[in-house]
Amino acid sequence: MPATKIGKFLLSVGLILLLTQAACVEQPALPTLVSPLLLPQQSEEVAAFAVPPTFTPLGPTATIDPLLNFADNAPLGPTHTPTVTPILPSRTPTPTPTPTPTNTPTITPIPSATPIGNGPLPPYLQGDPNRSKLSIHVIFNNDPRIMTFVRQAQPAVIKGVDDFGYLAEVERESPNTIIIARRDERSQEYVGNPEEEARKFVQSQLRQYQLNPAVDFWEGWNEPDPGLERMAWYARFEQERVRELARYGFRAAIGGFATGVPEIDEFALFIPAIETAMEYGGILTLHEYSAPVMTYGYGSALPGYPFHEDRGTLTFRYRWYYEELLIPRGLVIPLVITEAGIDGIIGNRPGPPGKGWSDFQQYAVQQGWGRTGDEAFINQLAWYDAGVRQDDYVLGFTVFTAGPVAQWGPYDVGPLLPKMADYIRSQE
């Protein structure tokens, strides 16, 4: 690892213990994996206006102020603590895979991985509630607005899939941005010895890890849904993937679960992977979507559990895992929502047919989220941002997606990137 990344790694050695102390081929529409929604008596119109009081909706002619430049990484000014408490749902699409190089690595692996010990918590991993946690998921860096967004917004996190070359530039332009990446893997089968399969998985992608030292955390499988029968297998797979990555000096992002899964009893079987990831300085990643607006399912309960107004079956589903299982056990692992937004393939939902956020613009405007489709979606993201900022273990969330190809057009946030950057800066 280069010196900059080594420094970044050493800075984060105290992340886990400190947080513990503190408490893509297009697929056909699938039936929802979420339990039947039991919604509280709250209209969508009321929820639509639960946006942070510190954010002024952007007009259709709003532009980025070219005089603002955050590339110098100057200290951030004080911000107001949001007062909104959110909760929500969704399942994510998988990008078109890129063949994985099979070059034999030339470096000598570390004989044994070194667990993380005590140390100071670096500012860029603190989950600062006074900064926006909004950022973007990127399939391909094929839009110049992506790097402009990075320079101007200095986002807390960013997620890249398959296209990794620009991530070194992200690190240069925004040194405190946490970079998470995933190499697409079509084969995700719960067969064989999980430890052996995890080692084979890492070895098959190792050359990409070595060529892209800017990445802070590497994800594994995309949107697994092991269910109760296979969760223990998947937990063992993730445990060994964490250890194998650590042997080569890399850190893991574990989980990667789809929107609406797993259930509480299933997630309980994943706890051994949480423990191992924390031992080696890893993080947890999940996906959270909803449709036709991001508040659908907010306040609904999971099977066998009572209502909680600040949790949901889709978005803010993560709070169930933390409140019911992880916090009581002292396992407050850092979390990044690596895909978020609107995904119309969710079943049993209201609203018109559609896929990405752009298909639901008129509906969102009718529900009072904004004067235009762009404004309505930005306001929904602001609402979600206000909620995740209340949970210090959440490092950030990345909206699906910038740099889309083919069928992912309705999800494209490229046209919104200037306004998203404006929003992020308005929170500083």
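Which residues does Met-420 touch, not counting residues up to four places away in sequence? In this predicted model, Met-420 touches Leu-134, Ser-135, Ile-136, Phe-149, Ile-378, Leu-381, Val-399 and Val-413, where contact means heavy atoms within 4.5 Å. The largest nonpolar core has 96 residues, of which Phe-270, Tyr-318 and Met-420 touch the most other members. A nonpolar core is a set of buried Ala, Val, Leu, Ile, Met, Phe, Trp, Tyr and Cys residues joined through side-chain atoms within 4.5 Å. Buried denotes under 20% relative accessible area, exposed over 50%, and partly exposed the range in between (1.4 Å probe, protein chains only).

Residues are numbered from 1 along each chain as its sequence is written, and side-chain values use heavy atoms, with hydrogens and water left out. Because the model is predicted, local features need pLDDT of at least 70 and side-chain atom pairs count only at pLDDT 80 or more, whereas totals for chains, interfaces and linings use all residues. The predictor's confidence in each residue, pLDDT, runs from 0 to 100. Its average over the chain is 80, and 70% of the residues score at least 70. Over residues 9–111 pLDDT stays under 50, and the model has 292 contacts beyond four places in sequence for this stretch. Residues 117–121 also have pLDDT under 50, with 14 contacts beyond four places in sequence. Where pLDDT is low, the predicted coordinates should not be read in detail.

Helices (H or I, at least four residues) and strands (E, at least two) are DSSP runs numbered from the N terminus. Strand 2 (residues 157–161) is largely enclosed by the rest of the structure, because five of its five residues are buried. Val-157, Lys-159 and Val-161 lie on one side of strand 2 and Ile-158 and Gly-160 on the other, so that both faces are covered. Strands are taken to pair if DSSP finds at least two bridges between them. Strand 1 (residues 134–138) runs parallel to strand 2 and is joined to it by two bridges; His-137 stands opposite Lys-159. Strand 3 (residues 178–182) is likewise parallel to strand 2, with five bridges between them, and Ala-181 is the bridge partner of Gly-160.

Two β-α-β units include strand 2. One is right-handed and consists of strand 1, helix 4 (residues 144–153) and strand 2; the other, also right-handed, consists of strand 2, helix 5 (residues 167–173) and strand 3. A crossover is right-handed if, with the strands pointing away from the viewer, the path from the first strand over the helix to the second runs clockwise.

Helix 10 (residues 318–326) is mostly covered, with seven of its nine residues buried. These are Tyr-318, Arg-319, Trp-320, Tyr-321, Tyr-322, Leu-325 and Leu-326. Among the elements against which they pack are helix 8 (264–268), helix 9 (271–279), strand 6 (283–290) and helix 12 (373–388).

Glu-223 is placed in the loop between strand 4 (217–219) and helix 7 (227–247). With 7% relative accessibility, Glu-223 counts as buried. Its side chain makes a polar contact of 2.8 Å with that of His-287; a polar contact is a pair of N or O atoms within 3.5 Å, of which, within protein, one must be able to donate a hydrogen and the other to accept it, and residues adjacent in sequence count only if both atoms are side-chain atoms.
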